[in-house]
Amino acid sequence: MMLRRGFILFLPRLVGLLVVACCLVSIVYMLACTPKGDNQQFALPRVHSPTVKEGYEAILQEREEQHRNYIISLKKQIAQLKAELQGRSEQLKNVQDQYPNPLDIRLDHSNPEKAQANLLAFLRSQIDKAEVHSGVKLSTEYAAVPFESFTLQKVYQLETGLTRHPEEKPVRKDKRDELIEVIELAVGSLNSPEGDINAKHRVYTASDFVEGIYRTEKDKGTLYELTFKGDTKHQFKKIVLFRPFGPVMKVKNENVNMADTLINVIVPLAKRASKFRQFMQNFREMGIQQDGRIHLTVVYFGKEQMNEVKSILENTSRSANFKNFTFIQLNEEFSRGKGLDVGARFWKGNNVVLFFCDVDIYFTAEFLNSCRLNTQPGKKVFYPVLFSQYNPSIIYGHHDSIPSLEQQLIIKKETGFWRDFGFGMTCQYRSDFINIGGFDLDIKGWGGEDVHLYRKYLHSNLIVIRTPVRGLFHLWHEKQCLDELTPEQYKMCMQSKAMNEASHGQLGMLVFKQEIETHLHRQKLSSKKT
């Protein structure tokens, strides 16, 4: 009886709990299954809220309206982009019409005003193309064109080579005149201010110039930024100038026939028979077999090893069927200038190209053609910058063996350098050499004679072609600087000797060799302990 009464009392509570549970399940279902808009959250259905079906229809209708508006917006953006692209195309066309392509510029002599206007427009366009007003995206750090700086007296330069210094006075007249012109133009600009011409203005002079920087983009021009003192200590005036490069112009178009142009290679020599044997191997392959338009003149000093040298020459003559050689023997002390001068004057044939050469030089057939193409009687002489080989025993000291000579002749920073302080290897027509006065025969021994001849050509009206060439090498050999040389010659000889050994990095490894070995030894001991 008591159990039944308890059950009756508990039954309403149980029904209430079931109702509450059903309500909770319904709420969870509505929250989980009712769809939501992009930016709208739906509350629980109220008394006047739509049914579930009507809610779906309302949501779908709203989504459709949103997509329709989105499509209309995209169409408007596409139309705007098309209009902008067309406008940009028209602007580009106008710029191209205003600044013509350099290949399209023609100096029309029948209409000089139009030609001048076209040229002026092109020069102005160079400023827009160059990196003047804004930067240019570059692929690597090596693509950047660095500035160099200058003052009234000095130039501070990165690309120094072996003959120039990081800081120096401009030696070349063109560079000196260029910077003077720029400073004078900047001073003139400062003294011609815009605005009231009657107002008092400060008068600037070159002494107000503080410093300048400049750089050249080879296809566009040179940018100059100059800084001058201002009115107070912390004020400055800055002038930016640009020297635009003009369009490329055709100067000459001609056929050059070198089929019958003979080269007379003149080699002064004393002793050094083993080096001469190596030279003749190169001469036979490149000069006789590949080129074939060549003559060899050997001017030999003294009699020691002379028979061996003559034997090498005669053996090459027989084996290669080569008869175009001359052997001249002089019973006197060796003088490079004297030997070359005697060899040049000994020639009795027609005007010929003279190639002044040394026994430790390696040349290719391509170089012989360069020798012909860069010389012209009464017009041009050729002074190639050869590539000088470092000491192979240092370069290849870490290898099992030293490569063959042909494998060593590669142009790299680690294997050699451009010998831009040497003027001994040169090509010129015999007539030009005779007319210029030949060598200074008062110079004895090593060095100096080549520089004197080079200066003679520079002081003449002949064009001197000075350029690095890929087919001319100075082979390394141990250099002896004799006590008999004058102080100036001895200094030049020692300078050349130091340059010939190795690169800065390789010489540094030799200087710090003991420290490196000590470090490696410590590392080895440390690894054993661990």
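Two disulfides are found in the chain, a disulfide being a pair of cysteine sulfur atoms within 2.5 Å. The model is predicted: local features need pLDDT of at least 70, side-chain atom pairs count only at pLDDT 80 or more, and totals for chains, interfaces and linings use all residues. Residues are numbered from 1 along each chain as its sequence is written, and side-chain values use heavy atoms, with hydrogens and water left out.

Helices (H or I, at least four residues) and strands (E, at least two) are DSSP runs, numbered from the N terminus. The link of cysteine 371 and cysteine 427 is left-handed, with -120° about the S-S bond. Both cysteine 371 and cysteine 427 are buried. Buried means under 20% relative accessible area, exposed over 50%, and partly exposed in between (1.4 Å probe, protein chains only).

Cysteine 481 and cysteine 493 also form a disulfide, their sulfur atoms 2.1 Å apart. Cysteine 481 sits in the loop between strand E15 (463–474) and helix H13 (487–501). Cysteine 493 belongs to helix H13, twelve residues away from cysteine 481. The S-S torsion of this pair is about -90°, so the disulfide is left-handed. Cysteine 481 is buried at 14% relative accessible area; cysteine 493 is buried at 1%.

Counting bonded cysteines along the chain, the pattern is 1-2, 3-4. Cysteine 357 is in no disulfide. Its nearest cysteine sulfur, that of cysteine 427, is 9.1 Å away. Cysteine 357 is buried, at 0% relative accessibility.
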